[in-house]
Amino acid sequence: MYFQMSDNPLFQFLKNIFNKCCNILKLFVFLPMERRIVYFGDYFKEFVKSLDDDVREKIDYVLDMLKKLKKVNPKFVKHIRDGLFELRVEWEGNIYRVFFVFDSGNIVVLFNGFKKKSQKTPIREVNKALRIKNEYYEYRRKHAS
């Protein structure tokens, strides 16, 4: 007599539970997420005001990816140093950068931005972003409830 595991009621029961657990895990892994975008000071707002509408739309598009995707393509986001990241946007041959940090798991705090004119990110812009980052964390520390 030949006996198959699939005929066993216990096997069917365990297989059913296993499949349900896998479906629940899939929900957690693939659930869309939504990060909050927060601005510190007027640095980012002033930068965006100086841009054409088309560039603003492209920045909004990349920010939307940052809000909704768990992992963003390195073409659009790059870690600079000390927890500082840059949002990378290209439009009509021009390159734009916006510095930000992740805070409290999913809040993205935007700092200064600039139009890039050379291959390498200017150190003065990085230093400015690091200074603003320090101001932000100092402000948060003082105003923590």
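Start by selecting L10, F13 and I17: together they make a nonpolar surface patch with about 300 Å² of accessible area. Patch members have over 30% relative accessible area and no salt bridge, and nonpolar side chains are joined within 5 Å; areas come from the Shrake-Rupley method with a 1.4 Å probe. A salt bridge would be a Lys or Arg side-chain nitrogen within 4 Å of an Asp or Glu carboxyl oxygen. F13 belongs to helix α1, residues 9-30.

This is a predicted model, where local features need pLDDT of at least 70 and side-chain atom pairs count only at pLDDT 80 or more, while totals for chains use all residues. Residues are numbered from 1 along each chain, and side-chain values use heavy atoms, without hydrogens and water.

Now show the strands. They form an open sheet in the order β1-β5-β4-β3-β2, with mixed pairing. Its edge strands are β1 (36-39) and β2 (77-81). Pairing requires at least two DSSP bridges.

Zoom in on β4 (94-103) and β5 (107-116), which pair antiparallel over eight bridges. Here Y96 stands opposite K115 in β5.

Helix α3 (53-68) lies across β1, β2, β3 (84-91), β4 and β5, at about 135° to β3. Helix α4 (123-142) lies across β2, β3, β4 and β5, at about 155° to β5. Contact means heavy atoms within 4.5 Å, and angles run from 0 to 180 degrees between N-to-C directions of axes fitted to C-alpha atoms, for helices over the stretch in contact.

Terms used:
Patches are made of residues with over 30% relative accessible area and no salt bridge: like charges are joined within 9 Å, nonpolar side chains (Val, Leu, Ile, Met, Phe, Trp, Tyr) within 5 Å. Helices (H or I, at least four residues) and strands (E, at least two) are DSSP runs, numbered from the N terminus.
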